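Subject: Structure for you to look at

Hello,

Here is the structure I said I would pass on. Please open it next to this message and follow along; my notes come after it.

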Amino acid sequence: MLKIALPNKGSLAEETTAMLREAGYKQRTDLKDLVLVDEANGVEFYYLRPRDIAVYVGERTLDLGFTGRDMLLDSAAEADEIMPLGFGGTRFRFAAPGASEWTVADLEGKRIGTSYPGLLRSYLDSHGVTARLIKLDGAVESSVRLGVADAVADVVETGSTLKRAGLVMFGDSILDSEAILIKQRGVADPSGLDLLKRRLTGVIAARNYRMIDYNVPVEELEAACSITPGIDSPTVSPLHREGWVAVRAMIPSKQAQAIMDELWDAGAEGILVTDIAACRL
């Protein structure tokens, strides 16, 4: 039985659960459940604090885990990222009052408030900077105003929380993070991992692509296919209408409207775009 750790709460938990359901795995309906057994797929799911997941996997208590890249690196656990999942994207940035011209070197000797001391220490060491790290479990942006820190290093989505606290981001991104799948370091892949990865890859593709169908005159087929090359090649079928063909291809979801406009200008008609529930590529 494959043992997998999942986040027990928060947006990471919600999106992970949704992805696994789309991939055909059973998920809990009661948020108080800490363990769920999916007999049909040979998996046991364990719902844990997101920050603890890398530790459980690294200690070889569980085979796999869904967590954030930032939390994996901060934990220093004996676990490795094996697959990015395409959601939960964040950046890890420095911020301080009036620090728009600061560089990492300006943090020498400063106090830095953070919830990720392991990750931050490694970054500062790699830049030859010595600073005092103030470990906080939350509300890092308040540490400067309250006199606990001179600067902060925190996870940022829009940056609005830091701005409201009077802080200015500076320097390059310390880390670009997202949700990831991790496994134990230095051991053979567990049975069931290949199937899980294949299903997750199918879900990611289904989310990022749509199916487009349209009719086009034969003389405009090459131009139309250059607009919709598909994954391997578009499917082209003859129509009863003489001189016309039907074309089907996968297209990037974010470009769907622009592609429809291009096809219309190229002479295509009956253009339809539909969602993809699942796929294998």
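Strand β4 has both of its faces covered: Leu-64, Phe-66 and Gly-68 are buried on one side, and Gly-65 and Thr-67 are buried on the other. Please keep in mind that this is a predicted model. β4 runs over residues 64-68, and five of its five residues are buried, so the strand is largely enclosed by the rest of the structure.

Which strands pair with β4? One is β1 (residues 2-7), which pairs with β4 in the parallel sense over two bridges. Here Ala-5 stands opposite Gly-65 of β4. Another is β11 (residues 179-184), whose pairing with β4 is antiparallel and has five bridges. Gly-68 has Ala-179 of β11 as its bridge partner.

Next, a sheet. Five strands make up an open sheet with mixed pairing, and their order is β8-β7-β9-β6-β10. Which strands stand at the edges? They are β8 (132-135) and β10 (168-177); each has a single partner strand, so one side of each is left without a neighbour in the sheet. From one strand to the next, the twist averages 25°.

Within this sheet, β7 (residues 111-114) and β9 (residues 151-156) are joined by three bridges in the parallel sense. To find one of these places, look at Thr-114, whose bridge partner in β9 is Ala-153. Helix α4 (residues 117-126) packs on the sheet and touches β6 (90-96), β7, β8, β9 and β10. The direction of α4 makes about 165° with that of β8.

Last, a pair of helices. In general, two packed helices are described by the angle between their axes and by the distance between those axes. For helix α1 (residues 10-22) and helix α7 (residues 193-208), the angle is about 105° and the axes are 9 Å apart. Why is α1 called roughly perpendicular to α7? Angles of 65 to 115 degrees count as roughly perpendicular, and the packing angle of about 105° therefore makes α1 roughly perpendicular to α7.

On the α1 side, the contact is made by Glu-15, Ala-18, Met-19, Leu-20 and Glu-22. On the α7 side, it is made by Leu-196, Leu-200, Val-203, Ile-204 and Arg-207. How many of the residues in this contact are nonpolar, polar or charged? Seven are nonpolar, none is polar and three are charged.

Regards

Definitions and conventions:
Residues numbered from 1 in each chain as written. Predicted model: local features only at pLDDT ≥ 70, side-chain atom pairs only at ≥ 80, totals over all residues. Heavy atoms only, no water. Axes fitted to C-alpha atoms, helices over the stretch in contact; angles between N-to-C directions. Helix = DSSP H or I, 4+ residues; strand = E, 2+ residues; numbered from the N terminus. Parallel < 35°, antiparallel > 145°, perpendicular 65-115°, else oblique. Contact = heavy atoms within 4.5 Å. Nonpolar A, V, L, I, M, F, W, Y, C, P; charged D, E, K, R; others polar. Pairing = 2+ DSSP bridges. Buried < 20%, exposed > 50% of the residue type's maximum accessible area, 1.4 Å probe, protein only.
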